[in-house]
Amino acid sequence: MSNPGARSALRRLHPGLTPAVAVAGAAWCALVALAAMARRAEADWMVCPLRRIAGTPCPTCGGTRAAGALARGEPLEALALNPLVTAGLIVGPLLIGLMIAAPERARLPRSAWIGLGAALVVNWVYLLWAGR
């Protein structure tokens, strides 16, 4: 269900620019913008829907607050709020750059996906333990 026209238009801009890379880049930019807004407002309106409904944090709970802490220049606070999201916000732009610069080397092996899944579970356990 891919749009070949969009794919070829993106590849005309840069050979490594695929729809997945474009979406990842747009999502990262949206997170940066949200972090800037959160920095100004210190908003309490950004509550995880799962936490609001079930009272349990999701694996990315605290991610918006972590992005705000990074925007304020408080990396240790960001790590305490959500280590996995913090790492993703720091490493994300590097991975997006790699996907654009060397798309043939940017494909993650199966072991990396398993490692990411394990990191997600460990992060969730940390959030539950820390009461985030």
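User: Why is Arg-72 called partly exposed in this predicted model?

Analyst: The relative accessible area of Arg-72 is 29%. Buried means under 20% and exposed means over 50%, with partly exposed in between. Therefore Arg-72 is partly exposed.

User: What makes Arg-72 and Glu-74 a salt bridge?

Analyst: Their closest N and O atoms are 3.3 Å apart. The cut-off is 4 Å, between a side-chain nitrogen of Lys or Arg and a carboxyl oxygen of Asp or Glu. The pair therefore qualifies. By this rule the count comes to one salt bridge.

User: Why is Glu-74 called partly exposed?

Analyst: Glu-74 has a relative accessible area of 34%.

User: Why does Ala-69 count as buried?

Analyst: Its relative accessibility is 0%. Buried needs a value under 20%, so Ala-69 is buried. Ala-69 sits in helix α4, residues 63-71. Leaving aside neighbours within four places in sequence, Ala-69 is in contact with Glu-74, Glu-77, Ala-78 and Leu-81.

User: How far apart are Ala-69 and Leu-81 in sequence and in space?

Analyst: They are 12 residues apart in sequence. C-alpha to C-alpha, they are 8.7 Å apart in space.

User: How do you know that Asn-82 is buried?

Analyst: The relative accessible area of Asn-82 is 0%. That is under 20%, so Asn-82 is buried. Asn-82 lies in the loop between α5 (75-81) and α6. Beyond its neighbours within four places in sequence, its contacts include Pro-59, Cys-61, Ala-66 and Leu-127.

User: What makes the Asn-82 and Asn-123 pair a polar contact?

Analyst: The two side chains are joined at 3.1 Å. A polar contact needs N or O atoms within 3.5 Å, so 3.1 Å meets the distance limit. A polar side-chain atom of Asn-82 also lies 3.5 Å from the backbone oxygen of Thr-60.

User: Which end of α6 does Asn-82 cap, and how do you know?

Analyst: Asn-82 caps the N-terminal end. One of its side-chain oxygens lies 3.2 Å from the backbone nitrogen of Leu-84.

User: Where does α6 bend, and which residues in α6 are buried?

Analyst: The bend is at Val-91, by about 40 degrees. A proline, Pro-93, follows within four residues. Val-85, Thr-86, Leu-89, Gly-92 and Ile-96 are buried in α6.

Methods: Residues numbered from 1 in each chain as written. Predicted model: local features only at pLDDT ≥ 70, side-chain atom pairs only at ≥ 80, totals over all residues. Heavy atoms only, no water. Bend = angle between axes of the 7 residues up to and from the residue. Helix = DSSP H or I, 4+ residues; strand = E, 2+ residues; numbered from the N terminus. Buried < 20%, exposed > 50% of the residue type's maximum accessible area, 1.4 Å probe, protein only. Polar contact = N/O pair within 3.5 Å; in protein donor to acceptor, adjacent residues only side chain to side chain. Contact = heavy atoms within 4.5 Å.
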